[in-house]
Amino acid sequence: MEQDLHTLLTSVRDDAPPPRLSVDDITAAGRHLVRRRRRLTLLSSVGGGAVTAVAALTAVLMLTGSPRALTPAVDPSVLASPVAPAPTAFVEAAAFSTTYQGYKAGPYQVGDPDLVTNAYQQSTIATVPGAGPTPSESESAEAANPVRSAGPGAAAKARDIPAGGILVVYRPGAFEPLLFEKGGEKVRLRDGGSGLLAYAGTVNAPPVTPGNQAIAGRAGLVPTLAWQYTGDAWAAIYWSAWENVPDREHLLAIADGLTPSVPRQFPVAFQPATVPRGYQLLSVSYGGDVVTGDEVVSAARLTAKPPALPIYQPYVFDDLPVLTLAAGHTDAGPKLAGRLDCDGQIRCTKVADTGKTYVYAEAGNTKLSAPLTQLALGIRLEGDLGESGTWPPAAKVFAN
């Protein structure tokens with residue numbers, strides 16, 4: 001029996017598979033285990049020191065009673081904020097918002113919107129120096145200065161440019177192209193859309209006839225090209241003089257260059273204490289549309305009788321019953337700081353405490369129930385007059 005058991009054990013031993021680990025492998029594994037235990041011991045001692053340090057710091061803060069938080073290594077305010085991607089199509093935005101930015105189109109520079117109304121947004125078009133038609137001798141040296149971006153005072157510098165024009169981007173349903181349909185030629189835009197070309201210039205502009213003068217509306221602007229930039233929304237290019245209207249190719253280039261941007265609410269530099277009952281915001285601008293002896297950088301027009309929509313041309317504010325509120329720079333000086341001058345119920349001007357800025361209220365051809373003096377005295381500047389980014393949204397300031 002013992003012999004059989006011995007024989008069986010011997011047979012199993014001889015037929016067993018070779019061992020998975022050799023003696024050297026087992027020795028190396030043992031050394032690795034020893035090193036690992038040493039590292040764990042070291043980390044444990046370091047962690048204990050860190051806990052002790054944190055506890056000590058907590059005790060110090062509790063003893064000093066300081067409520068201030070620890071200063072982060074990087075100030076979050078200096079980190080770049082995420083920039084919203086530009087939309088690929090125009091979207092309907094709230095009233096008194098801009099939906100595009102300035103751009104260059106051949107020899108012309110279209111500025112950022114510098115005037116926004118309840119029906120449209122508007123930009124100045126100017127000639128880029130050295131890149132376009134040369135102004136005639138009768139034109140001022142400033143005729144070729146571009147408006148690269150709208151801002152306080154920028155539009156005012158371009159209002160009297162003989163060779164310039166304006167781009168008007170109407171809100172959906174706010175415009176009827178009547179002036180362009182009268183003899184306008186259908187043209188094709190780069191994106192496949194169509195437009196109406198009412199008038200285009202050439203190197204030698206055709207003579208101005210009573211017929212083409214008749215298509216210029218009361219605004220005194222030359223309607224050149226209108227097109228649907230989206231859905232029921234139109235855009236149009238108007239020029240200030242028949243002799244300087246761009247040719248067909250340049251007008252189409254300006255139209256093709258219009259692209260959407262993230263909607264932004266248009267700002268205003270002041271806050272009125274009161275607004276006459278029944279009056280609502282009609283337009284807000286950087287002041288280029290306001291005629292005054294001083295530099296206006298922010299203006300708002302209010303009316304109790306807003307024009308019916310749709311309209312067929314930009315507003316002629318002199319023909320509308322509007323109340324104008326504005327703010328700007330003046331060289332009145334400290335001696336006149338705080339002074340209030342009124343011309344009856346037509347206009348009241350107040351010089352700010354510094355003598356370098358002023359505000360005014362102008363009734364124009366509208367009749368007010370409230371004293372104009374009270375309106376002027378109640379206008380308060382908001383933010384930095386020279387930085388439109390510090391101004392509040394106009395729609396919020398004049399919300400009913």
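This is a predicted model: local features need pLDDT of at least 70, side-chain atom pairs count only at pLDDT 80 or more; totals for chains, interfaces and linings use all residues.
For context, most residues other than glycine have a negative phi, and most peptide bonds are trans. Phenylalanine 96 has a relative accessibility of 10%, so this residue counts as buried, the cut-off being under 20%.

Leucine 309 and proline 310 are linked by a cis peptide bond, with omega at about 5°. Proline 310 lies in the loop that runs between strand S14 (295–303) and S15.

Strand S15 itself covers residues 322–329, and threonine 324 is part of it. With a relative accessible area of 6%, threonine 324 is buried. Leaving aside residues up to four places away in sequence, threonine 324 touches Ala300, Arg301, Tyr360, Ala361 and Glu362.

Then there are the cysteines. A disulfide is a covalent bond between the sulfur atoms of two cysteines. Searching the whole structure turns up one disulfide. The partners are cysteine 342 and cysteine 348, whose sulfur atoms are 1.9 Å apart. The torsion about the S-S bond is about 120°, which means that this disulfide is right-handed. How accessible are the two ends? Cysteine 342 is partly exposed, at 38% relative accessibility, whereas cysteine 348, at 0%, is buried.

Conventions:
Residues are numbered from 1 along each chain as its sequence is written. Side-chain values use heavy atoms; hydrogens and water are left out. Helices (H or I, at least four residues) and strands (E, at least two) are DSSP runs, numbered from the N terminus. Buried means under 20% relative accessible area, exposed over 50%, partly exposed in between (1.4 Å probe, protein chains only). Contact means heavy atoms within 4.5 Å. A disulfide is a pair of cysteine sulfur atoms within 2.5 Å.
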